[in-house]
Amino acid sequence: MSLAPHLDPVVVDLGRRALLDMGEVSRSLVYGSFLTDDGFEVVHVPDGKVDANRFASMASSIQALSEAVAREVRIGSSEYVIIASEKGHVIQLRVPGHPVVLGALFGDDETLGKALSVARRCAQQLAASLADRPAVQPDAAAHEPDAAVEHGDARAYADAHGVPAL
């Protein structure tokens with residue numbers, strides 16, 4: 001059994017990189033987050049723009065509803081969800097092959113087409129990165145150094161492994 005994505009420091013690091021890359025491509029990205037199907041935040045950028053836990057909870061509910069509607073009306077699987085408003089749009093889509101969803105808030109100066117394209121590439125980037133590495137096993141995590149330790153992030157290591165930080 002592997003670690004849940006929000007507890008796996010490698011998934012968190014790969015997700016952060018993918019979100020930062022998305023921000024480089026789209027300057028109108030206000031907030032980006034990867035979250036689990038059950039509403040836990042994996043990682044987000046930037047800090048302070050949105051209540052991360054609340055966003056993850058709401059986005060996972062929206063994702064579940066969109067997938068249920070697609071099944072109910074027999075149109076196949078849900079590809080993405082768009083919430084459009086006068087001040088911007090939220091796009092969310094599943095990371096292919098993983099129990100992780102990308103949620104991204106773009107400002108109104110971005111076209112919907114570009115925002116959707118950038119979000120799709122970000123989700124695909126994370127899927128490809130995850131496919132290129134083996135999942136961290138809980139037993140192995142106790143015996144092998146992980147990304148949080150290698151980067152000196154004691155808090156992330158402590159949170160990921162359920163131990164108190166020093």
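**Close-ups of a predicted model**

**View 1. Helix 1 meets helix 3.** The axes of helix 1 (residues 9-25) and helix 3 (residues 112-131) come within 9 Å and cross at roughly 155°. That crossing makes helix 1 roughly antiparallel to helix 3 (angles over 145 degrees count as such). Axes here are lines fitted to C-alpha atoms over the stretch in contact, with angles running from 0 to 180 degrees between N-to-C directions. Helices are DSSP runs (H or I, at least four residues), strands likewise (E, at least two), numbered from the N terminus. In contact (heavy atoms within 4.5 Å) are, among others, L14, A18 and M22 of helix 1 and V118, C122 and L126 of helix 3.

This is a predicted model, with local features needing pLDDT of at least 70 and side-chain atom pairs pLDDT 80 or more, while totals for chains, interfaces and linings use all residues. Residues count from 1 along each chain as its sequence is written, and side-chain values use heavy atoms, leaving out hydrogens and water.

**View 2. A cis bond at P46.** Look in the loop between strand 2 (41-45) and helix 2 for P46. The peptide bond joining V45 to P46 is cis, with omega near -15°. Most peptide bonds are trans.

**View 3. R74 and its positive phi.** R74 sits in the loop between helix 2 and strand 3, and its phi is near 55°. V73 is in that loop too, between helix 2 (52-72) and strand 3 (80-85).

Notes: Angles under 35 degrees count as roughly parallel, over 145 as roughly antiparallel, 65 to 115 as roughly perpendicular and the rest as oblique.
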